[in-house]
Amino acid sequence: MRLSLLDRAVFTYQPIWGRSRQLVGVRLHVRLLDDEVNVPHLLHAIDDWWSAGSPRLLVALAEPRAVRQALVASAPEHLWIELPDAAQRAPADWRHLESQARRLGHRLVQRLPLARAPRPTPLGEDDSLRYVLHLWPEQASQALAVVPAPTIEAGLLPGQIYEGIGQVALAAHCLDAAHAWGVVDWPIADALARHPRGSIGIDKGTLLRVQQALLRDASTERVLVLIHSDAVLTYRLLQLLNSDAFGRGRVLPSVRQAIGLLGERRLRDALTRLLGLAVADTELLPARHTLALRARLMGQLMDAGAQQTLANDVLLTGLFATLDQWLRVPMAQLAERVPLSDAVRDALVEGAGPYAPYLSLAQRLADPAQSQALPLICQEAGFALETVNTALLRTLAQARSWG
């Protein structure tokens with residue numbers, strides 16, 4: 001019964017980033033395709049994928065009637081239910097539902113413009129209600145103008161979640177000065193634009209963690225997870241490992257294969273050479289993690305199993321898909337500098353070939369505005385909604401274990 005429910009809804013997601021610039025939560029947008037869907041059963045089916053180690057999950061049901069059904073049923077263990085803005089427009093009705101929901105153990109988030117947000121109960125006294133707050137342009141300007149003045153005077157509320165943040169400076173201010181719990185979606189375009197051409201390097205922290213993992217004799221799988229958490233590191237490492245200094249005429253299409261042929265000592269040598277290309281920029285971390293999350297989602301959609309070549313191809317397609325925006329080099333040139341299969345090159349350069357539908361779908365799943373179009377897109381590409389939703393839930397539930 002629960003598996004069939006995943007064929008009757010469309011899921012999209014937005015990452016939520018915390019003060020350490022790591023993934024702390026996910027906002028899962030749910031649009032029902034059938035009025036007869038049992039919403040409490042669907043929420044418990046989603047909850048089954050979650051664990052204590054998963055990021056916090058905020059469920060935003062598109063239909064107010066679905067929210068009502070959720071609030072009067074038993075509370076899933078790990079989910080937070082998002083109350084629509086309609087709850088503020090008809091306060092008496094929704095206040096009763098909210099009270100009943102909290103008695104049932106539901107944890108709630110209320111979506112509101114910051115201008116209409118009441119002062120919440122101080123965190124620690126009642127942590128069962130938070131706000132997802134959207135800043136109007138004038139409020140964003142005011143918030144940046146008062147740095148580092150007290151946040152209450154600037155109108156920002158501590159401990160809450162902020163969305164619609166288009167500037168890295170404002171996202172940082174919300175997290176660091178206003179002590180926000182999280183920021184929905186990172187302003188990636190602004191984060192990249194802050195760097196002149198060619199200045200975005202490997203993440204230094206990730207590179208050091210890979211070196212430490214090798215010194216501790218960590219498993220190959222753990223080392224690969226760390227390397228693939230940074231698309232720039234993966235790209236630069238493949239370039240170096242296939243150079244005359246390391247490859248000696250051999251084609252090494254994956255880091256896994258390079259470790260097997262060259263050994264960990266040579267990998268450590270390569271990483272040491274790359275230190276000069278490493279940078280420490282905290283504000284780029286969410287952007288790096290976003291690429292890794294997309295690549296992992298593509299892997300789940302493909303479900304390559306033991307086919308390591310196929311799994312590597314899909315992973316690299318996801319990691320490198322927007323690398324031209326990072327390195328400010330045309331994708332066709334980037335694709336020539338590392339040994340990629342024809343299928344990966346076709347997907348990256350031409351948007352064609354067998355991997356292109358997986359890349360397109362993974363990108364659309366991270367955009368709630370695509371929700372209406374997704375059923376037809378999945379149908380035309382041969383993806384069953386149950387398969388897509390299962391892959392997305394598995395990826396998001398495990399997201400904090402990567403990196």
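Predicted model: local features only at pLDDT ≥ 70, side-chain atom pairs only at ≥ 80, totals over all residues.
## Overall make-up

Residues are numbered from 1 along each chain as its sequence is written, and side-chain values use heavy atoms, with hydrogens and water left out.

## Burial and contacts

Of the 403 residues in the chain, 53% are buried, a term that means under 20% relative accessible area with a 1.4 Å probe, counting protein chains only. Contact means heavy atoms within 4.5 Å, and among contacts between residues at least 6 apart in sequence, 67% join residues at least 24 apart.

## Nonpolar cores

A nonpolar core is a set of buried Ala, Val, Leu, Ile, Met, Phe, Trp, Tyr and Cys residues joined through side-chain atoms within 4.5 Å. The largest has 132 residues, and those touching the most other members are Phe 11, Leu 28, Val 30, Leu 42, Ile 46, Tyr 162 and Trp 326. Helix 15, which covers residues 285-302, gives the most to this core, with 9 residues.

Leaving aside neighbours within four places in sequence, Tyr 162 is in contact with residues including Leu 114, Leu 133, Cys 174 and Val 184. A second, separate core of 9 residues includes Val 24, Val 132, Ile 161 and Val 184.

Definitions and conventions:
Buried < 20%, exposed > 50% of the residue type's maximum accessible area, 1.4 Å probe, protein only. Helix = DSSP H or I, 4+ residues; strand = E, 2+ residues; numbered from the N terminus.
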